[in-house]
Amino acid sequence: MDNKLSFSSYLVIGVMLFALFFGAGNLIFPASLGQNAGTSLWFAIIGFLITGIGLPFLGTLAMGFSGSKNLQELSSRVHPTFAVIFTSLLYLTIGPFFALPRTGAVSYEIGIMPFVNSEYTQIGLLIFTVVFFGLTLWLSLNPSKIVDNVGKYLSPGILIGLLILLGFVIFKPMGEFSTPQGSYIDNAFMTGFTEGYNTMDALASLVFGIIVINAVRSMGVTSKKGILAATAKSGAIAIFFLGIIYAGIGYLGATSVDLFGIMENGGPVLSAASEHYFGSFGAILLAIVIILACLTTSIGLTTACAEYFHTLIPSISYKAFVVIFSVFTCVIANFGLSNIITYSVPVLMLLYPLAIVLILLAFLSPLFYHARFVYVAVMICTFLISIIDGLKALCDSLEIEYFGWLESILDFYDNVLPFYDVGLGWIVPFVIITLITGVIARINGKRPVPLNS
């Protein structure tokens with residue numbers, strides 16, 4: 001029999017999940033979205049929330065529903081080789097390639113750069129990131145309760161602080177909504193939808209889901225049904241808080257343009273708004289909170305990546321991976337926040353459809369008896385679309401012309417795939433191929449077999 005959990009138990013797990021998803025870096029995306037969406041804010045925010053909180057919620061539930069021990073086990077339903085490549089690429093994306101250097105870059109741009117003369121901006125970033133990732137390295141090699149305690153008390157603290165700031169924004173807005181910019185003019189919803197990819201939370205949910213499940217099990221809930229119910233209730237609390245924060249920060253961005261103009265990214269928007277409402281003290285307090293929040297996130301991601309790759313390559317020690325990732329991350333962080341965001345987009349356009357499809361197949365799997373060929377067929381088709389989206393985004397990021405063959409494929413996809421023009425060309429093929437291969441699996445009548453055999 002499962003233990004019956006109280007609301008306070010669900011609240012504890014929900015806040016923990018909120019803290020896992022809510023790296024301070026996530027603040028910058030709804031702020032930038034708000035600035036650019038202007039009067040189209042609410043259409044953009046709805047799209048952003050679907051990918052920013054809806055998909056992470058589904059990803060967390062998928063891990064509980066699948067019964068898998070970790071992401072590699074779940075993705076091995078496609079193929080063991082695919083599992084290693086996909087899981088490694090996902091860890092590198094939420095680790096040293098993008099999310100980890102973003103923690104240092106965000107800390108600097110929100111917390112330190114407002115106090116640095118423009119001529120010393122780059123050298124300031126170098127000095128700060130060396131110190132920041134030096135601390136990450138030291139604390140990842142020497143785990144202590146300091147990190148746990150900072151994370152435990154900081155998450156409620158930053159939540160309360162942000163709610164106070166948003167209260168001022170709502171009751172004393174900085175200005176009116178401005179005119180939408182760029183793709184927000186004609187397609188605010190889908191632009192917001194793809195902007196939600198930048199949080200990387202749907203990818204992270206496939207890792208964090210196991211942490212939540214283990215927490216639920218430690219409280220005496222062991223049945224699959226009980227774990228799924230507890231995860232859903234705790235997840236609902238986490239996404240409630242995330243949704244309020246994202247919508248509020250988006251509103252802050254939308255009302256800030258009259259006062260500050262359109263800024264390069266969301267980091268300076270938050271620091272400027274904090275100083276506007278609370279003066280220099282507010283800016284300094286925000287700087288301290290953001291840096292500590294980013295530091296705990298940095299340590300968590302470094303530890304998780306080093307542990308995974310050590311299990312994958314046991315001949316290289318955990319400590320060696322911590323050093324490698326910390327040094328590499330420090331180098332990447334010095335390219336600056338805007339560059340990190342820009343170059344992460346092609347990888348996210350490749351990975352996100354694969355992750356979404358894996359999440360959906362995890363729920364549908366019992367209907368087709370977990371047949372591997374269903375996973376393989378759907379994943380190959382999705383990859384053929386997402387790899388082209390990734391290459392297109394890469395060319396756009398580098399501001400170079402499309403290769404001839406790439407342009408031909410893009411024209412073909414645009415003509416034959418519904419919703420391709422809004423970045424969702426994989427949806428209809430996913431439905432069709434899942435139905436066809438799923439029916440074949442049902443007709444064959446094979447009952448479920450061990451998933452990872």
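This is a predicted model: local features need pLDDT of at least 70, side-chain atom pairs count only at pLDDT 80 or more; totals for chains, interfaces and linings use all residues.
View 1. Lys 69 pairs with Glu 73 in a salt bridge. The closest N and O atoms of the two residues are 4.0 Å apart. A search of the whole structure finds 2 salt bridges. The pair shown here is one of them.

View 2. Helix α15 covers residues 372-398 and holds both partners. Lys 392 and Asp 396 sit 4 residues apart, about one turn of the helix. Their side chains meet in a salt bridge, with 3.4 Å from N to O. Lys 392 has a relative accessible area of 30%, so it counts as partly exposed. Asp 396 is also partly exposed, at 40%.

View 3. With 21% relative accessibility, His 370 is partly exposed. Glu 399 is not a glycine either, yet its phi is positive at about 55°. Glu 399 is exposed, with a relative accessible area of 72%.

**View 4. Helix α5, its kink and its cover.** Helix α5 runs over residues 80-97. A kink of about 30° is centred on Tyr 91. Tyr 91 is itself one of the buried residues of α5. Others in that buried set include Ala 83, Phe 86, Leu 90, Leu 92, Ile 94 and Pro 96. Thr 87, Ser 88 and Thr 93 are buried too.

**View 5. Helix α11 from end to end.** Helix α11 has 37 residues, 224-260. At 1.5 Å a residue, α11 should span 54 Å. The end C-alpha atoms are 51 Å apart, which agrees. The helix has a kink of about 30°, centred on Ala 254. Gly 261 follows α11 and has a positive phi, near 80°.

**View 6. Thr 231, buried in α11.** Thr 231 lies in helix α11. Is Thr 231 buried or exposed? Thr 231 is buried, because its relative accessible area is 1% and the cut-off for buried is under 20%. Which residues does Thr 231 touch, leaving out those up to four places away in sequence? The contacts are Phe 57, Thr 60, Leu 61, Val 212, Ile 213 and Val 216.

**View 7. A nonpolar surface patch around Val 130.** Eight side chains are labelled here: Tyr 120, Ile 123, Leu 126, Ile 127, Val 130, Val 131, Leu 135 and Trp 138. Together they form a nonpolar patch on the surface, with about 790 Å² of accessible area. Val 130 is found in helix α7, residues 121-141. At 49% relative accessibility, Val 130 counts as partly exposed.

Notes: Residues are numbered from 1 along each chain as its sequence is written. Side-chain values use heavy atoms; hydrogens and water are left out. Helices (H or I, at least four residues) and strands (E, at least two) are DSSP runs, numbered from the N terminus. The expected span of a helix is 1.5 Å times one less than its number of residues. The bend at a residue is the angle between axes fitted to the seven residues ending there and the seven starting there. Patches are made of residues with over 30% relative accessible area and no salt bridge: like charges are joined within 9 Å, nonpolar side chains (Val, Leu, Ile, Met, Phe, Trp, Tyr) within 5 Å. Accessible areas come from the Shrake-Rupley method with a 1.4 Å probe; for residues, only the protein chains shown count as cover. Buried means under 20% relative accessible area, exposed over 50%, partly exposed in between (1.4 Å probe, protein chains only). Contact means heavy atoms within 4.5 Å.
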